Each structure stands twice: as structure tokens, then as C-alpha cells.
Amino acid sequence: MTMSHTLARSFASLHNAPSLNKSNRHDEHGWSRNRSCFTSNVIPSIFDTVEQVSETHDFLKNLFSDGDLIPLPFQRVLAPFIARRRTPQIEKQYTDIGGGSPILRYTKLQGEGMAKLLDELHPETAPHKAYVAFRYVRPMTEQTLAEMKADGVKRAVAFTQYPQYSCSTTGSSLNEMFRKGRTDGSGIEWSVIDRWGTHPGFVEAVAQNIEAALQKFSPSTRKDTVLLFSAHSLPMSVVNRGDPYILEVSASVSAVMDRLNHSNPYRLVWQSQVGPSAWMGMQTGEALKGLARLGKKQVVIVPIAFTSDHIETLYEIDLEYAEEARAHGIEVHRADSLNESPVFIRALADIAAQHLKDCSGGKEPDSSCGANAIRVRSPQFSGAVWNYFISTTDTSVNVEEDPTNTSKNKFVFLALQITLAVIAEISGIKSVNDTLSNGLDIAILASLKLPRTLSSLGRIPPFTPTGVSLSEVHKTGLGSSAALITSLVSGLLIHFTSIPADSISVPESDGQLLSHNLAQYVHCYAQGKVGSGFDVAAAVFGSHIYTRFDPAVLHGLMNDQALRSQPLHPILSSSNKAWNHVIKPFKLPPLTRLMLADVDAGSDTPSLVGKVLKWRSENPEQALAVWTDIDTLNTRLAGTLVEGERSGVPIEPDEQTNLLDSCLSLAGVIGGGVPGAGGYDAIWLLVCDPIDTSPDIPPLERVEQVWSEYKELDVSPLSVIESLAGGARVEDLNSIKGLAEATAPL
């Protein structure tokens with residue numbers, strides 16, 4: 001069993017070749033800016049932003065004056081009247097929860113954490129700054145806009161903190177921002193994130209808090225606990241005119257229950273009704289009474305539409321509903337609000353980063369390489385262009401290398417030969433010929449960068465050329481060949497419509513499983529052995545715990561004759577139960593992160609492995625003893641590996657061991673190792689990443705200092721960010737900065 005974590009991304013960009021001199025290019029969209037900023041322009045509740053009790057009346061007056069939220073006849077007269085009538089009651093509620101709401105503090109904390117992560121996730125627009133704009137209390141929208149203007153902001157994103165959209169909440173706040181921004185003379189260019197209620201990171205954060213709340217009940221009765229998802233209600237007059245809020249909250253609940261594998265019974269209920277008119281129900285209090293009548297004794301209340309604690313969680317749920325539940329004999333606990341959740345803050349950063357990518361422009365590449373021809377390029381390397389000619393018979397596809405190619409690439413050649421053979425079995429020879437009628441241009445790039453320091457990531461252009469040929473580049477043990485093959489195989493399957501484009505990122509779909517099985521076969525065939533398989537699995541599925549398939553499924557295909565004499569698809573198909581690999585979810589623990597460093601530009605694995613295998617064949621008895629020791633005495637692995645020096649290659653060089661020892665001695669470093677087969681591979685560290693370590697030095701900075709001062713080896717940090725988005729997926733060429741330019745035809 002292997003813990004597999006996605007460390008590198010490989011892009012395969014495939015384009016049909018149009019006629020010569022035909023251009024489909026358009027100008028790249030861009031924006032001028034002094035800094036890129038995010039404004040948390042909507043708070044996660046309707047009634048609560050008051051930090052101090054003395055602010056209550058002004059808050060209520062602004063609230064009831066909002067015609068988008070609460071349309072009233074004679075609003076200018078009625079709004080102040082209602083505010084005065086309700087102020088004493090609401091002031092008492094704020095007093096009961098400690099004298100004010102913590103929502104501003106949490107919103108600032110979430111925004112600052114998001115901006116920090118965003119500097120790493122999208123360095124092209126760094127530095128980022130989060131501003132907070134509230135609708136009914138300070139900091140008001142106009143105050144925040146004035147601050148942004150003074151800071152010289154030219155590009156901003158209005159990022160609602162309501163996960164689900166409603167015209168009465170997000171819509172109202174965006175209207176206010178438009179009204180105020182239209183006349184402030186700042187010239188800020190805006191875009192909007194207006195909903196994100198089913199984002200995987202948001203769903204994960206909510207699910208984790210539910211799981212923590214369930215732990216408060218006895219294991220023997222835990223599965224009978226009812227999950228009561230409670231969201232702020234809406235007037236039926238708003239619902240009946242087509243507001244999407246109810247459906248979007250329902251979608252959030254469905255996504256969370258899917259994440260929990262429907263472990264418990266659940267209900268979606270509504271709270272905070274105001275006034276005598278009809279509102280969406282049933283109300284949370286009534287639901288608790290109904291559950292008591294049904295004999296339910298345990299309930300977890302889940303605030304599904306709120307992202308921070310405020311009066312509706314701290315008073316309405318924790319005091320009113322909890323007291324009501326206990327009066328009916330129900331043990332009730334509330335799932336924590338998202339507040340300081342690092343999973344949630346990371347989700348905000350992922351949402352923002354994807355939005356920035358979606359907003360960036362690009363160019364549509366063109367190419368022309370001739371009918372029935374495929375050109376594969378790796379633009380980051382000098383001379384990395386390989387041309388192939390495709391010929392077909394009634395039953396087969398054959399790939400031939402262009403004799404003018406200056407180098408060979410076994411991985412690319414076998415990926416093309418095997419994948420096109422499978423595509424022909426699925427879609428037919430005619431489909432292959434039709435798709436290749438104008439030729440095919442494939443560009444392959446890797447997004448890993450090699451900065452001298454982590455802080456310098458933002459200054460390195462994406463997809464930077466290496467300036468050397470591919471043969472001069474050593475590997476780092478991070479699965480680059482597996483990522484290359486997976487992206488190429490998956491891209492071909494999608495381009496030839498052998499699998500649906502969206503299936504590649506759908507867990508356990510036929511398309512994803514075929515891509516996995518086919519990429520595993522190509523990778524194993526290219527390496528001449530059935531390996532551990534975890535690197536291809538990581539490229540396909542993302543981070544996970546992996547149990548490899550039975551290698552017998554491929555044993556009959558590991559020779560040239562088998563490749564050309566029998567159908568491949570029945571063996572590689574997702575319906576073949578012999579593919580018995582197991583995928584289990586895995587994610588880094590909260591407040592931790594992975595750090596990677598390239599060591600002396602990596603090692604040459606084929607050369608290293610070749611020398612080891614040569615020594616093994618020349619010294620079979622000695623080699624067998626070493627192999628047996630490694631296999632059976634895993635706890636003494638470090639000592640056993642010294643035997644590798646007999647082959648004449650450094651499987652674990654002393655200076656690499658010393659580097660790891662220096663890192664592992666630092667406060668906040670949990671563990672570390674070498675991910676590859678041996679030699680001067682990269683190193684990895686799992687480190688604590690707390691939100692604030694002051695006055696101590698953060699663990700990341702401690703590690704970076706050791707790397708920068710290390711004398712025995714040249715150590716370069718690698719860019720690595722955990723993504724909850726999974727493994728292989730289809731990307732818009734124009735959504736990733738620099739990708740369109742890097743893949744532009746020669």
C-alpha cells in the first residue's frame with residue numbers, strides 16, 4: 001500500500017491542424033493593476049454584523065432601509081420605526097453572546113489567510129490583499145471603496161461570503177457596490193464570485209466539523225443522530241419569484257451528505273423568520289419538536305449557509321434552539337462554524353485562484369503538420385520535437401518515427417502506439433483517420449518550477465524554458481514520466497472522443513478508469529517492468545492511498561508480439577475486474593503542508609537503475625541477499641541500503657542523508673524522506689504550517705534557511721500546493737497563464 005500524493009502537473013495540449021496561414025488568434029485579455037485584491041463584499045448573515053451593542057440601532061435602520069432585501073411600503077418612514085422597535089430586543093441578544101458579534105474578526109482572518117495562500121497559488125497577480133465591505137455596518141461599502149482607491153487598486157474581485165446566491169443577499173450587496181463604485185472615480189476593474197456552495201473545499205470543511213460534532217455522542221447510538229442542516233430562511237414572496245437560494249442550499253446539503261457517505265439521517269430546515277408573512281419552512285424550532293415526537297434523542301445542528309459565528313449561531317442556535325431541544329429530551333450539539341478552519345480558508349484561496357485563471361485571456365494556437373502526422377513538442381527543452389507518421393489497415397494502427405528526428409522518446413512513442421490502437425478498437429479505424437485528416441500537434445509542458453527561494457515563485461514566468469536538451473535533464477523522483485504519459489494518453493482519448501471529456505475527472509467513471517489502466521500499461525511497457533503504479537495513479541486520481549493492481553493483468557502484454565497480435569481494449573477496459581487496485585481518500589492533516597526541494601538537479605534514473613541491475617546480474621547470490629534484506633527487514637532499511645554502494649552508484653548519498661537529518665531536527669518538521677528510486681532525487685518534508693507562530697520563526701522559514709545555507713549540495717525549493725481538485729482533468733488553454741503562449745506552434 002502506498003500513500004500517493006500529486007506533486008507535479010503535466011499538460012498535454014492537443015490541436016487539430018488547420019490549413020496553412022489560417023489564424024484563429026485573438027488578443028489576450030489583461031488588466032492594469034498596482035495590486036490584485038479581493039473584497040469580501042458580503043457577510044455571511046443577513047441580520048448580524050454588530051461588533052458592539054451600541055451599533056445595533058444604526059445597523060437595523062440600514063437593514064430595514066434595504067429595498068432589495070426587505071421591500072416595504074413607505075420604506076423611508078417604516079424602516080426607522082421598525083429599527084427603533086426592535087433595537088432593545090436585539091441589544092439584549094448581543095449582550096447575551098458577549099456584547100457583540102465576532103464576524104468582522106473572522107472575516108478579516110479568513111481574508112488574510114486566503115490572500116497569503118493566493119500569493120502562492122496565483123503568483124502572477126501577487127501580492128493580494130483582502131478588503132472587507134459590509135452592507136449595513138462598518139466597514140461600509142463606500143468606506144472600503146475609498147480605502148481601495150487610496151491604495152491605488154486597479155483590479156478587484158467582489159467575492160461574496162454567502163456560499164449560496166440570493167438576490168436578497170449577494171444580489172443586494174453587489175447592487176450597492178455597483179451604485180457606490182460607479183461614482184467613486186477609482187477606475188477599478190471588477191469581476192465577481194457570486195456563489196460557491198458546492199466547492200469541494202467548502203464541502204470538506206463542513207463535513208469535518210460535522211464529524212467532530214458526532215464524536216460527542218456515544219459510538220453505540222452515533223449513527224442514529226439526526227443532522228439538522230439549518231439555513232437562514234427567505235420570504236416566500238422572494239422564493240416564488242424564482243430566487244435560486246433554496247435550490248443552492250439544497251445542493252450544498254446534498255454534496256455534504258455525499259461526502260459523509262450518508263452516514264446519518266438528515267433534514268434541511270430554516271431559521272430566523274421575521275414578521276407575520278409566509279417564509280420558507282419548516283422552521284428549525286418546529287423541526288426539533290417534530291423530531292422529539294418521532295422519538296429522536298440526538299441531533300447535530302449544522303449551520304450550512306453561514307461561514308462564521310454570529311448572532312444566528314451563537315444566540316439563535318446555541319441558546320434558543322439548544323434550550324428548546326433539551327426541553328423536549330433531545331441531546332443537541334452544533335457543528336462548529338467554519339471560522340478559522342484551514343480547510344475552509346484554503347477553499348477560499350482555491351476558488352479565488354481559479355477565478356483569476358478563468359479571467360485571464362489567451363490565444364488559440366494553430367499548427368500544421370500534415371495529414372496522418374503527429375508532432376509532439378516539449379517547448380521547455382531545446383530540440384524536443386518528435387514527428388510521427390500514422391498508417392492504418394482495416395484492423396490496425398501503426399506509428400512510425402520520422403527518420404529526421406534528432407532524438408528518440410520511448411515514452412511518447414509507446415503512448416501514441418498503444419493509445420491509438422485502443423482508440424481504434426473503441427471508435428474504429430475510420431474515426432482515427434478522420435480525426436488525423438489535418439494532422440495533430442501536441443505540446444507537453446510541466447508546471448513545476450525551480451526557484452531559489454519560495455518567495456521568488458511569483459517572479460518566475462510560468463513554463464520557463466530550461467535552455468538544455470531533454471537528455472541533459474536529470475529526474476527528481478516526483479513522477480514526471482508518469483504525469484507525462486497520463487496527460488498524453490488522457491488527452492488522446494478525449495481528443496479522439498473515445499471517452500467523454502468530463503469523465504476524466506469523475507471518480508470511478510469508465511473514462512477515468514480506462515485512462516488509468518491504459519496509462520499504467522504504457523508506463524510499465526516503457527520501463528520494461530510492472531512497477532508500483534502509484535505515480536500514474538497519483539496523476540490520474542490525485543492524492544490518495546493506493547493499493548496496486550495484481551501485476552498479472554499485464555503480464556501477457558509486456559512484449560512486442562502481444563502488443564501487435566491481440567486486442568488491447570478488453571484487457572484495459574474499466575469492466576475488466578482483474579484491475580483490482582484500491583483507491584482510498586487522503587489529504588494532508590490540517591495546519592500542515594508538504595515542502596519539496598530539488599537536490600543537485602536530480603539523478604539519472606535509467607543510468608542508476610541500469611548500473612544496479614548490471615551488478616545484480618553479475619553478483620546473483622550477493623544481490624539476492626540484499627534484495628531479501630530490503631524486502632523483509634524494512635525497519636532496518638537505512639542500514640540495508642548501504643549495500644547498494646557495491647553497485648558503484650550512491651543509492652542514498654551521505655550528503656543527502658545529512659541534509660534530511662538537518663531538516664528533521666528543526667522544530668515543526670514532522671517527517672521527511674526521498675520520494676524516488678535513489679540517487680540525488682528530490683527530498684520531501686511534512687511540516688507544521690500554523691496560521692500564526694509569533695514570536696517564533698515559522699517552520700517553513702526554518703527549513704528554507706537550512707536549504708539556502710546548505711553547502712554539501714545545491715538545494716532548490718520546488719513549488720508544491722495540495723489541491724482538492726483531484727488528478728487528471730481537462731483545462732481551458734486560456735485559463736492558465738502562459739500556457740497558450742508556451743504551446744504556440746513553432
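Residues are numbered from 1 along each chain as its sequence is written, and side-chain values use heavy atoms, with hydrogens and water left out. Because the model is predicted, local features need pLDDT of at least 70 and side-chain atom pairs count only at pLDDT 80 or more, while totals for chains, interfaces and linings use all residues.

Let's begin with the whole protein. Its secondary structure comes to 25 helices and 20 strands, taken as DSSP runs numbered from the N terminus (helices are H or I with at least four residues, strands are E with at least two). Of the 746 residues, 51% count as buried, meaning under 20% relative accessible area, with a 1.4 Å probe and protein chains only.

Now look at the open sheet of 4 strands, whose order is β8-β7-β9-β10, with parallel pairing. Strands β8 and β10 (331-334) stand at the edges with a single partner strand each, so one side of each has no neighbour in the sheet. From one strand to the next, the twist averages 25°. Two strands pair if DSSP finds at least two bridges between them; β9 (residues 298-303) and β10 have 4 bridges in the parallel sense. Within this pair, I301 stands opposite R334 in β10.

Helix α8 packs on the sheet, where it touches β7 and β8, and its direction makes about 145° with that of β8. Such angles run from 0 to 180 degrees between N-to-C directions, using lines fitted to C-alpha atoms, for helices over the stretch in contact. The buried residues of α8 include Y245, I246 and V249, and its buried set packs against α6 (200-214), β7 (226-232), α7 (236-239) and β8 (266-271). Just after α8, N261 takes a positive phi of about 55°. Another helix, α9 (residues 284-293), lies across β7, β8 and β9 and runs at about 165° to β7.

Our last stop is helix α14 (residues 480-495), whose 16 residues should span 22 Å at 1.5 Å a residue; its end C-alpha atoms are 22 Å apart, which agrees. The expected span is 1.5 Å times one less than the number of residues. This helix is mostly covered, with 12 of its 16 residues buried, among them L484, I485 and G491. After α14 comes T497, with a positive phi near 55°.

Methods: Buried means under 20% relative accessible area, exposed over 50%, partly exposed in between (1.4 Å probe, protein chains only). Contact means heavy atoms within 4.5 Å.
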